[in-house]
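I set out to record what I looked up in this structure, entry by entry. The notes begin with terms and then turn to the entries.

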Amino acid sequence: MSEKAQEKNSLVLEIRNRAPEGSRQSQAQDGKSQPRLNGCVPLSHQVAGHKYGIDKMGILQHPDGTVLKQLQPPPRGPREMDFYTQVFGEGCSDPLLLALRPHLPTFYGTWSSPDTPNDLYLKLEDVTRRFSRPCIMDVKVGRRSYDPLALLEKREQQIAKYPLMEEIGFLLLGMRVYQPSHDCYVRHDQLFGRSLVKDTLTGGLARFFHDGVKLRKQTIHLCIRKVQNILRWFESQKQFHFYASSLLFVYEGASGVHAAAEPNNNNHHHHHHPPQDFSRMGTPTKNSCGRGGCAGDLPESLQNGAQTHSSPLNLGQSNGNGETEMEEEEEEREEDSGGWSGDEGTEGHVEVRMIDFAHVFPSQSPDEGYTHGLMNLLSTLEKILQD
Ligand SMILES: Nc1ncnc2c1ncn2[C@@H]1O[C@H](COP(=O)(O)OP(=O)(O)O)[C@@H](O)[C@H]1O
Ligand SMILES: [Mg+2]
């Protein structure tokens with residue numbers, strides 16, 4: 001099999017399911033989508049990290065639209081909770097922490113299900129929520145993925161996962177990219193990121209900004225600006241070092257009209273089938289959307305020999321709860337946003353937020369590892385624009 005054919009074969013696509021009217025109603029009676037954990041369901045649009053149903057713990061979505069991140073075992077979980085509590089604490093007046101808030105998902109405290117009151121979750125803003133067809137990428141930042149307390153074995157294990165981390169300073173953990181011409185998502189998992197070397201890194205990152213037809217240059221410009229703001233924050237502080245933390249990139253994959261008309265395609269408003277893993281289907285010449293040419297039809301410059309890896313996803317069914325509440329909130333937000341249309345050129349088109357703080361440590365020196373990663377990420381984004 002040719003390299004290209006192999007690549008097509010190993011892409012993972014999600015076909016967006018257009019829910020027939022009224023399906024939300026029937027879904028509640030559908031045995032498979034019975035609400036669990038008080039109406040919370042696995043986060044359907046997660047691109048990396050611990051996954052509910054695959055790992056022992058994972059990320060859920062609350063009916064009110066927030067994201068619930070289960071507290072990891074100590075010391076990681078409590079460390080992440082302490083960090084969010086410090087930054088979003090009511091009494092917080094530290095200008096450094098206040099300046100950090102806009103770069104994080106808003107933290108709404110902890111949550112637990114009445115049935116299992118000892119399982120704590122962090123209740124967080126869903127950064128993707130206002131988007132109709134969110135394209136999402138998780139990029140781990142820093143030269144080291146292990147913290148200062150890590151034992152030798154853990155250090156070696158982390159280094160072995162991506163030996164280039166020290167030099168490159170970032171690693172693509174996962175992404176999903178909307179392809180408007182086929183109304184589907186292309187996904188890449190962490191093995192794709194780990195397969196990238198210096199020569200293929202730019203092409204690999206560029207995939208996140210390619211909609212199957214064109215490169216979204218304006219989106220890249222907007223992402224650069226947001227990353228620069230985060231870099232400025234890091235250069236202003238010596239208080240914290242961040243290890244194994246990520247940037248979550250989100251932009252609107254739908255074009256203007258759809259983006260404005262149908263905010264949010266995530267768990268609440270539309271009925272999703274579990275994403276399908278076409279890589280196991282074995283006929284690379286057939287397009288994976290069933291509608292022609294979607295999967296691997298990237299320009300040569302983006303193919304770059306990087307391997308694409310798939311992972312079967314068995315995340316949850318959608319959730320019909322909390323609908324009224326969500327829709328009301330959504331209307332308010334649309335008014336607030338002053339008629340944001342999702343246009344590629346506008347600020348509101350993208351989000352870049354810091355997430356995953358299980359390894360944030362106090363310090364007294366600049367975070368050289370993280371800033372190195374951000375600077376290299378910025379120059380790689382610039383390079384996509386030049387190529
Ligand atoms: N606030 C959020 N909004 C939207 N998606 C999120 C949010 N937090 C996490 N996610 C999704 O969940 C994934 C894993 O989150 P993360 O906090 O890194 O968990 P882990 O500790 O398991 O790595 C992210 O890659 C992203 O897809
Ligand atoms: Mg993570």
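I call a residue buried if 20 or more other C-beta atoms lie within 10 Å of its own, exposed if 12 or fewer, and partly exposed in between, with C-beta atoms placed from the backbone. The model is predicted, and I note that local features need pLDDT of at least 70, side-chain atom pairs count only at pLDDT 80 or more, and totals for chains, interfaces and linings use all residues. Residues are numbered from 1 along each chain as its sequence is written, while chains are lettered from A and ligands numbered from 1 in the order in which they are written.

**Entry: the chain.** I counted 13 helices and 13 strands in the protein chain; helices (H or I, at least four residues) and strands (E, at least two) are DSSP runs numbered from the N terminus. Of its 387 residues, 42% count as buried.

**Entry: helix α9.** I looked up α9 (residues 217-235), whose 19 residues reach 27 Å from first C-alpha to last, close to the 27 Å expected at 1.5 Å a residue; the expected span is 1.5 Å times one less than the number of residues. Which residues of α9 are buried? They are Thr219, Ile220, Leu222, Cys223, Val227, Ile230 and Phe234. These residues lie on the same side of α9 because they cover an arc of only 165° around the axis, the arc being that of the directions from the helix axis to the C-beta atoms. On the other side of α9, I found Lys217, Arg225 and Arg232 exposed. The buried residues of α9 pack against β11, β12 (350-355) and α13 (368-386), where contact requires C-beta atoms, placed from the backbone, within 7 Å.

**Entry: Phe249.** Not counting residues up to four places away in sequence, I found that Phe249 touches Ile136, Met137, Val139, Phe208, Cys223 and Val352.

**Entry: ligand 1.** Of the 21 residues around ligand 1, Gly49, His50, Pro105, Asp138 and Asp356 come nearest; a residue is near if its C-beta atom, placed from the backbone, lies within 6 Å. The elements giving two or more residues to this shell are β4 (67-70), β7 (134-141) and β11 (245-252).

**Entry: backbone.** I noted a cis peptide bond from Pro74 to Pro75, with omega near 5°; Pro75 sits in the loop between β4 and α3 (76-88). Asn38, a residue other than glycine, has a positive phi near 60°. Asn38 counts as partly exposed because it has 15 C-beta neighbours inside 10 Å.

Technical notes
Two residues are in contact if their C-beta atoms, placed from the backbone, lie within 7 Å.
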